[in-house]
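This report describes selected features of a structure. The text and one table follow the display below.

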Amino acid sequence: MDKLVIAGEELDSRLIMGTGGAPSMHVLREALTASGTELTTVAMRRVDPSARGSVLDVLAECGIRVLPNTAGCFTAGEAVLTAKLAREALGTNWVKLEVIADEHTLLPDPIELVEAAEQLVADGFVVLPYTSDDPVLAHRLERIGCAAVMPLGSPIGSGLGIRNPHNIELIVERANVPVILDAGLGTASDAALAMELGCDAVLLATAVTRARHPARMAAAMRHAVEGGRLARLAGRIPMRRYAQASSPFEGLATS
Amino acid sequence: MKVIVNGEPRELPEGASVADAVASVTTAGTGVAAALNDEVVRRSAWSATTLRDDDRLEVLTAVQGG
């Protein structure tokens, strides 16, 4: 598999995982291992004195690089503060920037997103913004200086797959930074489609962590991402209206 | 004096530092960051940063998410 390069850093796996939704740290560890991921998101929240076990310990044991997110932030100000806290707590200047508009759809607020991205890029962050599947917004985020763009396939946790493949293709065609399909994937074929459309990676959590067998689904996603990437590089055949025989008509026996 | 730590009012002695307030909510040695009135305070400055009445301190760590 060819390497994924984000902000000059090479990754062998094109599957970025989230950690939300796993029923236990044990299940999470099994799923992350099966996924083969090298980069995985965490959220930043107020410390809970009663918390047992840390997701950071799991990631450290698995040798997986941590990618903090700003999930749950509704304004640029909240997201910027959360990113700065994550940088301080985790010692990384990478951030998955997430600024949502409402709790019902969890769709990105484009105005606040752009504002936050500008501030964080200026402050030296490697910004990976979770964005809608709008090619104009994705291009704007790239021009600001984001290290990748991460369009959604469909709303977070919905499992609806890629609702607008055409927009994803438009984003891919125009982008000079990695395009990471983030959110909405439900099963392996969704991940394969993302890669076939030309995405450089996929980021998913719920599809694995809330699957009946998380580790098994994680393995499925790993193979789907690799299969989709290979298919993209191989170049699919054009679709045709009518059949094209794969066996020659010449030399047939006649009666 | 009264300081708001992670949204909860706490009574701390006069002259208490950010380090003291953090220690009141977690014993974790790493993976924790603090913001005083919306400004991040570097860990290296926790002990030297004294709190004032009505200060708001946020103490965060990483949890499962995303």
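What is the handedness of the crossing of helix 1 of chain A and helix 9 of chain A? The crossing is right-handed, meaning that the near helix is turned clockwise from the far one by less than a right angle.

The model is predicted: local features need pLDDT of at least 70, side-chain atom pairs count only at pLDDT 80 or more, and totals for chains, interfaces and linings use all residues. Residues are numbered from 1 along each chain as its sequence is written, while chains are lettered from A and ligands numbered from 1 in the order in which they are written.

**Helix packing in chain A**

Helices (H or I, at least four residues) and strands (E, at least two) are DSSP runs, numbered from the N terminus. The axes, lines fitted to C-alpha atoms over the stretch in contact, of helix 1 (residues 25–35) and helix 9 (residues 214–234) of chain A come within 7 Å and cross at roughly 20°. Helix 1 and helix 9 of chain A are therefore roughly parallel to each other, a class for angles under 35 degrees. Helix 1 of chain A contributes Val27(A), Glu30(A), Ala31(A), Ala34(A) and Ser35(A) to the contact, and the residues from helix 9 of chain A include Pro214(A), Met221(A) and Arg222(A). Contact requires C-beta atoms, placed from the backbone, to lie within 7 Å. The contact residues of the two helices comprise eight nonpolar, one polar and two charged. Here Ala, Val, Leu, Ile, Met, Phe, Trp, Tyr, Cys and Pro count as nonpolar, Asp, Glu, Lys and Arg as charged, and the others, Gly among them, as polar.

**Strands**

Strand 6 (residues 94–97) of chain A is covered on both faces, with Trp94(A) and Lys96(A) buried on one side and Val95(A) and Leu97(A) buried on the other. Buried denotes 20 or more other C-beta atoms within 10 Å, exposed 12 or fewer, and partly exposed the range in between. Strand pairing, which needs at least two DSSP bridges, is listed below.

| Pair | Sense | Bridges | Example partners |
|---|---|---|---|
| Strand 6 and strand 7 (residues 126–131) of chain A | parallel | four | Val95(A) and Val127(A) |

**Backbone phi**

Most residues other than glycine have a negative phi. Ala7(A), in the loop between strand 1 (4–6) and strand 2 (9–11) of chain A, has phi near 50°. Ala7(A) is partly exposed because 15 C-beta neighbours lie inside 10 Å.

Technical notes: Axes fitted to C-alpha atoms, helices over the stretch in contact; angles between N-to-C directions. Parallel < 35°, antiparallel > 145°, perpendicular 65-115°, else oblique. Contact = placed C-beta atoms within 7 Å.
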